[in-house]
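This briefing covers helix packing and nonpolar cores. The sequence and structure come first, followed by the points grouped by topic.

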Amino acid sequence: MLREILIIVIKKFIHQLASPKTYFYQVDRLYPWLLYISLFIYLFAIIWGLLFTPKDFVQGHSYRIIYFHVPASFVAQSLYAAMAMSSAVFLIWRVKLAAYLARSIAPIGAMVTFIALVSGSIWGIPTWGTWWEWDARITSTLILFIMYLGLISLHNSFNNFDKADKLLAYLAIIGFIQIPIIKKSVDWWSSLHQPASITISDKPSIDPSMLYPLFMSMIGFAGLVACLVILSSKVQIYIREKNKKNKRAEDYSVGLALKEQGINLTHTDLLSTPDPNTAKQNQSVCIDAIIKEHKITTHYVTPETMKAIYGSINT
């Protein structure tokens, strides 16, 4: 009984938040608080870590880059996990906003992963004597960066947002296998990269004076990246809503063009055609003729377009 109630509450929450209007209202309230608090925490952690933590016995002062590198690496993987979760919500519950969020996360994830790679390379110069090594952890992180770029490019290659969203969602979920590979790469393969200093099962192997500012830097950096995701998601929603308006305007233009030409072919006429292939052919010939005659720029005509066309001429 409790399980069913919990599922209903979760579904209700998801569908309420799925409305762009509700989403904008909630994130606009959250954004200023999240931005200023995260910025304060991150700056405080950076100043603490760079100026007031003791020097490492082995690495000296070069270890201080962990206050940039570790948060970036952690957030890069967390963002991909969030993208996979959003994709799952989109595919299971058909929540469009989840697809928008998945697409919004991808460029931010690529940027953060790039920061992790660059900061890791800078750290590698004094530690390993080289800025790059085909190490298991570094290589798997590079693959994550390429995956982000691939998903962005793939989505942008489609004119049909619905198909692009579905394909991105499936690939994001499949690609989630890369996250545990990155995590366990230092255990599964011989690696120059040091093992994790912070684990759930064991006591942290890093001194508390270095650990506390590291935790704070991770929290602050995650909050700042969340702000970027919010901004990216708002831009993505704006693009999608604008595309919908343009599509409706295009539908209306085609409908008016049909009406001006005196074409009285209705949706009912097509449905009553005995041969379905003939009906489809009539649709195609009719629409192609009007598009060519009036030079209407369109890449495809959806069922919604057909409905709008026939609705506008069926007077």
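α5 and α6 are roughly antiparallel to each other, because their axes cross at roughly 165° and angles over 145 degrees count as roughly antiparallel. The model is a predicted one. The points below take up this helix pair and then the nonpolar cores.

**Packing of α5 and α6**
- Two packed helices are described by the angle between their axes and the distance between the axes.
- For α5 and α6, the axes come within 9 Å.
- The crossing of this pair, α5 and α6, is right-handed.
- On the α5 side, the contact is made by M147, L151, L154 and H155.
- These meet F161, A164, D165, L167, L168, L171, A172 and G175 in α6.
- By residue class, the contact of α5 with α6 divides into nine nonpolar, two polar and one charged.

**Largest nonpolar core**
- The largest nonpolar core contains 41 residues.
- Within this core, L79, Y80, M83, V112 and V225 have the most contacts.
- Two or more residues each come from α2 (20-52), α3 (66-93), α4 (96-128), α5 (136-156), α6 (161-175), α7 (178-188) and α8 (208-260).
- The most is given by α4, with nine residues.

**Second core**
- A separate second core has 14 residues, among them Y23, F90, L97 and L101.

Key
Residues are numbered from 1 along each chain as its sequence is written. This is a predicted model: local features need pLDDT of at least 70, side-chain atom pairs count only at pLDDT 80 or more; totals for chains, interfaces and linings use all residues. Side-chain values use heavy atoms; hydrogens and water are left out. A nonpolar core is a set of buried Ala, Val, Leu, Ile, Met, Phe, Trp, Tyr and Cys residues joined through side-chain atoms within 4.5 Å. Buried means under 20% relative accessible area, exposed over 50%, partly exposed in between (1.4 Å probe, protein chains only). Helices (H or I, at least four residues) and strands (E, at least two) are DSSP runs, numbered from the N terminus. Axes are lines fitted to C-alpha atoms, for helices over the stretch in contact, and angles run from 0 to 180 degrees between N-to-C directions. Angles under 35 degrees count as roughly parallel, over 145 as roughly antiparallel, 65 to 115 as roughly perpendicular and the rest as oblique. A crossing is left-handed if the near helix is turned anticlockwise from the far one by less than a right angle, and right-handed if clockwise. Contact means heavy atoms within 4.5 Å. Ala, Val, Leu, Ile, Met, Phe, Trp, Tyr, Cys and Pro count as nonpolar, Asp, Glu, Lys and Arg as charged, and the others, Gly among them, as polar.
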